[in-house]
Amino acid sequence: MARQKGVFYLTLFLIVGTCSLFFAFECPYLAIHLSPAIPVFAILLFFFVMAMLLRTSFSDPGVLPRALPEEATFIEMEIEATNGNVPAGQRPPPRIRNVQINGQIVKLKYCYTCKIFRPPRASHCSICDNCVDRFDHHCPWVGNCVGKRNYRYFYLFTLSLSLLTIYIFTFNIVHVVMRSVNSGFVKTLQDTPGTYPFMLVCFFTLWSVVGLTGFHTYLISLNQTTNEDIKGSWSGKNRVQNPYSHKNIINNCCEVLCGPAYPRYCTVLYCAVGPLVLCGHAYPRYCIVGPLVLCAPAYPSVLDRRGLMRDDLPVPTSAAEPATNSNPVPQTTKTTAPLIPNEHTPDDAKPSMADSAIAHAEKRSPSPREEKLPIPPLASPETDAEASIIAKDKAL
Amino acid sequence: MATHSLQDMRQQAAIAAKVFIQRDYTNGTVCQFQTKFPSELETRIDKQQFEETVRTLNNLYAEAEKLGGSSYLEGCLACLTAYTIFLCMETHYEKVLKKIAKFIQEQNDKIYAPRGLLLTDPIERGLRVVSFRKQCDSH
């Protein structure tokens, strides 16, 4: 769950509000005059939508834990070994690893915040300040990133919400028509004034949600993420093809929607003393306690983004912290070393296969040239922030 | 500056004390690790042994991520129950992860600990690396 939860509450309000009005004003009439199955199905659908929404919002999207200092230093040494001696005043080459995936060369970028080479399809979300595996987009409507672990819940949420919106809108129309036939159109409007603003909301959200569902269905059939689509990674330029696609729509859909339930990589448990690390090293993450029913285990409220990096136990500020703290990238990092301005990845990047880099590092590590050991510079996150993480929601 | 260089030396000793095996992405994003034998371990363990361990790990992860009838069935059943079934039931992946943890424990006890090495479970590092920690070279 991300810091800015305001839009998520709006989503909740719109869904719960619209459905409440539907149940209160229209269902009694429809149950009597048409069939009691109508509200029953609506309730089931409503619960499914809420379950998927909460599941998407409160589940870990596939956050990659940050590198421990040893691993970070090891990677830095590898990079140093690969780049060799950079003359003073020159920009060092960008930190890229090239790997071959199903016959396609894919560039793995280095994340300065997490100090890792991101696995393929992973990306860093500047809002959540984490690298997320199979990063799709950061959705403000659900208040969370959508990634490997929660993409199917997100898709089912948009799909079921489309169905719910269409269902409610249809039965709104049916209700108005039926009443008008009996008592006239104007009297109908007078009798049930409350539903019409929400019908309007329904009408507009219908187009955006159905559009979004359609867009994601298209992405799933091609086994692409929104991030890849926006960046045009596999758009056919230079004859690159998506190496992750099974070239078969059914297989792609099955893999994305019915594939195995991937595990969480790391959790931070909140207790009276402060954040307790379950496995690996603590890193800051934004989440609020979720309903236990829908996501086990519940995620605690975590706070300051950088606090945990230095083994401090930060003062717990609860989830009641208002969203007025709206600056998405607060600069609290104490950078004591020069930045590596390395966010660009020009095509003439020096290719280095992972194992050859390791081989170099092995040869170099006991070298006496390191009288002054190169301390890995603390690059600041803005050199690596992924811009435009928020999806082009086809929404409002 | 003296403290600084002491820290550096400690850091260097710490680095030398861990060997990282990276992921092998040639077949896509399925979890596979490179079976190439790192030269730092040459003096410690047998190449065959190392390859055997990594290959078994790879097979176990392949089993966890296998796309087949049973995983589809699990997915569909879970979807129909709005994923509440996972409150009562363990996912297939979690079952295999337990198997992997047991395997790593076994390997550590039987093979690596006697040679002063400790194999860490890659799930702790987000399935990015398998690391071997050298026990003796501590500062």
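Trainee: Into which domains is chain A divided?
Mentor: Chain A has domain 1 (5-63 + 147-258) and domain 2 (69-85 + 92-139), with bounds that come from an automatic or database domain assignment. The C-alpha centres of domain 1 of chain A and domain 2 of chain A are 35 Å apart.

Trainee: How many residues does the contact take from each domain?
Mentor: It takes 21 residues from domain 1 of chain A and 16 residues from domain 2 of chain A, where contact means heavy atoms within 4.5 Å.

Trainee: Before we continue, what conventions apply here?
Mentor: This is a predicted model, in which local features need pLDDT of at least 70 and side-chain atom pairs count only at pLDDT 80 or more, while totals for chains, interfaces and linings use all residues. Residues are numbered from 1 along each chain as its sequence is written, chains are lettered from A and ligands numbered from 1 in the order in which they are written, and side-chain values use heavy atoms, with hydrogens and water left out.

Trainee: Back to the domains. How much area do domain 1 of chain A and domain 2 of chain A bury between them?
Mentor: About 1,600 Å², 53% of it on carbon and sulfur atoms. Buried area is the accessible area (1.4 Å probe) that two parts lose on being put together, summed over both. In domain 1 of chain A, the residues that lose the most area to domain 2 of chain A are Lys148(A), Pro243(A) and Tyr244(A), together 30% of what that side buries.

Trainee: How many salt bridges cross that interface?
Mentor: The rule finds two salt bridges between domain 1 of chain A and domain 2 of chain A; a salt bridge is a side-chain nitrogen of Lys or Arg within 4 Å of a carboxyl oxygen of Asp or Glu. The rule for polar contacts finds nine residue pairs across this interface, both residues at pLDDT 80 or more. A polar contact is a pair of N or O atoms within 3.5 Å; within protein, one must be able to donate a hydrogen and the other to accept it, and residues adjacent in sequence count only if both atoms are side-chain atoms.

Trainee: Which element gives the most to the side of domain 1 of chain A that touches domain 2 of chain A?
Mentor: That is α7(A), with three residues. Helices (H or I, at least four residues) and strands (E, at least two) are DSSP runs, numbered from the N terminus.

Trainee: What does Arg121(A) form a salt bridge with?
Mentor: Its partner is Glu228(A), with the closest N and O atoms 3.0 Å apart. Arg121(A) lies in the loop between β4 (116-117) and β5 (123-125) of chain A and Glu228(A) in helix α7 of chain A, so the pair ties together parts that are 107 residues apart in sequence.

Trainee: Are those two buried or exposed?
Mentor: Arg121(A) counts as buried at 11% relative accessibility, and Glu228(A) is buried at 8%. Buried means under 20% relative accessible area, exposed over 50%, and partly exposed in between (1.4 Å probe, protein chains only).

Trainee: And which residue meets Lys148(A) in a salt bridge?
Mentor: Asp133(A) does, at 3.3 Å from N to O. Both Lys148(A) and Asp133(A) are buried.

Trainee: Changing topic, where does His175(A) lie?
Mentor: His175(A) is in helix α4 of chain A, and it counts as buried because its relative accessibility is 1%. Its side chain makes a polar contact with the side chain of Arg179(A) at 2.9 Å. Leaving aside neighbours within four places in sequence, His175(A) is in contact with Phe25(A), Glu26(A), Tyr29(A), Leu30(A) and Thr192(A).

Trainee: What about Ser180(A)?
Mentor: Ser180(A) is also found in helix α4 of chain A and counts as buried at 18% relative accessibility. Not counting residues up to four places away in sequence, Ser180(A) touches Phe185(A) and Thr188(A).

Trainee: Turning to chain B, how far apart are the closest N and O atoms of Glu51(B) and Arg55(B)?
Mentor: They are 3.5 Å apart, in a salt bridge. Glu51(B) and Arg55(B) are separated by about one helical turn because they are four residues apart in helix α2 (residues 47-64) of chain B. Glu51(B) counts as buried at 15% relative accessibility, whereas Arg55(B) is partly exposed at 44%.

Trainee: Which residues are linked in a network of salt bridges?
Mentor: Glu70(A), Lys18(B) and Arg133(B) are linked in this way.
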